[in-house]
Amino acid sequence: MIYLTRRERFSAAHKLYREEWSDEKNEEVFGKCSNPNWHGHNYVLYVTVNGDVDPETGFVMNLKKMKKIITEHIIDKVDHKNLNLDVDFMKDKMPSTENIAIEIFKILEPVFKEKKVNLHSVRLHETENNFVEYFGK
Ligand code: NI
């Protein structure tokens, strides 16, 4: 079993805010991410698949195909978008790094499965210092 990771990047705006809370409570819980007039992050996404090496190609998966899948299903939908307003798969969800990574995993897992490839993890960096990693459960 070998693991293969592809990195992609996207920039997106968001706001972490609960309408039913006061501005003070939102600021206390979400900090700068609660700014009412939005702000952005340069996200870095690592998608890892695993499997056996194909004896003909020497690959777990062709990276060109992997890039195409991630670009079409995720990057094109989130890059330069507002995660609260523009992105269907984040509708009615708090756009925290955790929730974005979970939704990305849910979208990609069946797409890779169709290609007979197992999605191992989705790792999403919101800043240089903060990232989450999701393994599907
Ligand atoms: Ni933020």
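T127 is found in the loop between β4 and β5 (131-134). This is a predicted model, in which local features need pLDDT of at least 70, side-chain atom pairs count only at pLDDT 80 or more, and totals for chains, interfaces and linings use all residues. Residues are numbered from 1 along each chain as its sequence is written, and side-chain values use heavy atoms, with hydrogens and water left out. The protein chain holds three helices and five strands. Helices (H or I, at least four residues) and strands (E, at least two) are DSSP runs, numbered from the N terminus.

**Overall layout**

- From the N terminus on, the element order of the protein chain is β-α-β-α-β-α-β-β.
- The C-alpha trace of the protein chain spans about 60 × 25 × 25 Å along its principal axes.
- Of the 137 residues in the protein chain, 40% count as buried. Buried means under 20% relative accessible area, exposed over 50%, and partly exposed in between (1.4 Å probe, protein chains only).
- Take the contacts in the protein chain between residues at least 6 apart in sequence: 68% of them join residues at least 24 apart. Contact means heavy atoms within 4.5 Å.

**Helix packing: α2 and α3**

- Helix α2 covers residues 63-78 and helix α3 covers residues 97-114; they pack at an angle of about 135°, with their axes 11 Å apart. That makes α2 oblique to α3.
- Axes are lines fitted to C-alpha atoms, for helices over the stretch in contact, and angles run from 0 to 180 degrees between N-to-C directions.
- Angles under 35 degrees count as roughly parallel, over 145 as roughly antiparallel, 65 to 115 as roughly perpendicular, and the rest as oblique.
- The α2 and α3 crossing is right-handed. A crossing is left-handed if the near helix is turned anticlockwise from the far one by less than a right angle, and right-handed if clockwise.
- On the α2 side, the contact involves M66, I69, I70, H73 and I74; on the α3 side, I104, I107, L108, V111 and F112. By class, the residues of this contact are nine nonpolar, one polar and no charged.
- Ala, Val, Leu, Ile, Met, Phe, Trp, Tyr, Cys and Pro count as nonpolar, Asp, Glu, Lys and Arg as charged, and the others, Gly among them, as polar.

**Positive phi in loops**

- H80 sits in the loop between α2 and β3 (81-82). Its phi is near 60°, a positive value in a residue other than glycine. H80 counts as exposed, at 66% relative accessibility.
- K116 belongs to the loop between α3 and β4 (118-125). Phi of K116 is near 65°, again positive in a residue other than glycine. K116 counts as exposed, at 77% relative accessibility.

**Other loop residues**

- K32 lies in the loop between α1 (23-30) and β2. With a relative accessible area of 76%, K32 is exposed.
- K32 and K15 are 17 residues apart along the chain, and 8.9 Å separates their C-alpha atoms.
- T127 is partly exposed, with a relative accessible area of 31%. T127 and T97 are 30 residues apart in sequence and 9.9 Å apart in space, C-alpha to C-alpha.

**Residues in helix and strand**

- E98 is part of helix α3. E98 counts as partly exposed, at 44% relative accessibility.
- E98 and E133 are 35 residues apart in sequence; C-alpha to C-alpha, they are 7.9 Å apart in space.
- G40 belongs to strand β2 (residues 39-51). Leaving aside residues up to four places away in sequence, G40 touches A12 and A13.
- G40 and E19 are 21 residues apart in sequence and 20 Å apart in space, C-alpha to C-alpha.
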